[in-house]
Amino acid sequence: MTIDWASFTPWSALAGGVLIGLAAAVFVLVNGRIAGISGILGGLLRPQSGDLSWRVAFVAGMIAAPLLWAAMTTLPEILIEASVPMLVAAGLLVGVSTRYAGGCTSGHGVCGISRLSPRSLLATVSFMATGFITVYIVRHAIGG
Amino acid sequence: MNRPNLFAFIVGLVFGLGLLISGMANPDKVLSFLDLAGAWDPSLALVMGGAIAVGSIAFTIAGKRERSLIAEPMRIPTRRDLDKPLVLGSLGFGVGWGLAGFCPGPALVALGAGETGAVVFVVSMLVGMAIYELIEQSRKTAEA
């Protein structure tokens with residue numbers, strides 16, 4: 001393993017992480033809910049009365065974030081290397097899988113680990129493991 | 001807008017800004033974090049660390065409350081069992097994450113930034129979530 005010190009951005013990573021943590025903190029303390037993005041999105045596809053508007057508001061806020069940012073300054077780089085078929089395959093897989101897992105990086109990785117949930121610890125270890133393995137296979141075993 | 005929806009919007013917005021600042025909205029940076037065998041960029045470990053540091057304080061307080069600060073019911077998951085859908089779902093999610101470099105939250109933010117690839121990913125992800133709903137509904141109908 002070699003560390004790419006030139007790309008290492010500890011302070012912005014930490015600052016962004018603290019903001020994400022604050023968002024999750026406000027959501028559980030004020031709304032009494034888990035800030036889990038896959039669950040919030042998934043619930044939109046299973047509409048129940050009184051359960052829809054807050055999900056729409058949350059998603060609207062997330063999509064508004066880059067708009068607000070762009071209104072003030074240049075957006076940070078967003079570089080997507082994956083091809084369209086790859087994005088479709090990955091999207092389908094992430095959609096189905098996160099619903100079966102009951103969460104993703106936010107619900108399990110941030111909120112779940114914060115409350116020391118055994119389910120979320122196992123989920124996070126599992127998706128981190130296959131994330132590392134998948135990138136290894138794509139970039140080194142078959143790519144190169 | 002009622003208070004829960006207003007807070008949901010603000011939390012979504014702050015969460016999105018955190019993802020942008022941290023670099024998580026950039027799939028290229030996510031893949032550099034998942035690429036242990038390449039030039040490794042450890043930044044995103046600090047995103048998780050920062051978020052969990054703040055989150056764990058909030059969830060400790062939240063766990064002792066019967067109602068939220070605006071008297072909403074607390075909806076914190078209570079399940080502790082480790083089951084197959086949790087593990088298989090998480091493993092599958094990690095594969096999708098490693099293929100594209102997108103998990104659900106950052107994909108929404110990149111969509112808001114106008115990235116075509118993020119639109120492809122998000123639409124596919126929603127289709128994946130809809131497939132989950134269909135499978136689960138037909139399974140419940142078969143059981144009934």
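## Aromatic pairs in a predicted model

B:Tyr132 is buried, at 11% relative accessible area (buried is under 20%, exposed over 50%, partly exposed in between; 1.4 Å probe, protein chains only). The model is predicted: local features need pLDDT of at least 70, side-chain atom pairs count only at pLDDT 80 or more, and totals for chains, interfaces and linings use all residues. Residues are numbered from 1 along each chain, chains are lettered from A, and side-chain values use heavy atoms, without hydrogens and water.

Chain A has six helices and one strand (DSSP runs: H or I of at least four residues, E of at least two). Of its 144 residues, 50% are buried.

Over all chains, the whole structure holds eleven aromatic pairs. Rings of Phe, Tyr and Trp (its six-membered ring) pair with centres within 6.5 Å; planes under 30 degrees apart are stacked, over 60 edge-to-face, the rest tilted. Two of the pairs follow.

| Pair | Type | Centre to centre | Plane angle |
|---|---|---|---|
| A:Phe27 and A:Trp54 | tilted | 5.9 Å | 40° |
| A:Tyr100 and B:Tyr132 | edge-to-face | 4.7 Å | 90° |

The pair of A:Tyr100 and B:Tyr132 crosses between chains, from helix α4 of chain A to helix α6 of chain B. A:Tyr100 is partly exposed, at 26%.

A:Phe27 sits in helix α1 of chain A and A:Trp54 in helix α3, so their pair ties together parts 27 residues apart in sequence. Both residues are buried. Ring pairs join A:Phe27, A:Trp54, A:Phe58 and B:Phe15 into a cluster. A:Arg33 lies over the face of A:Trp54, 4.0 Å from the ring centre (cut-offs: NZ of Lys or CZ of Arg within 6 Å of the centre and within 35 degrees of the ring normal).
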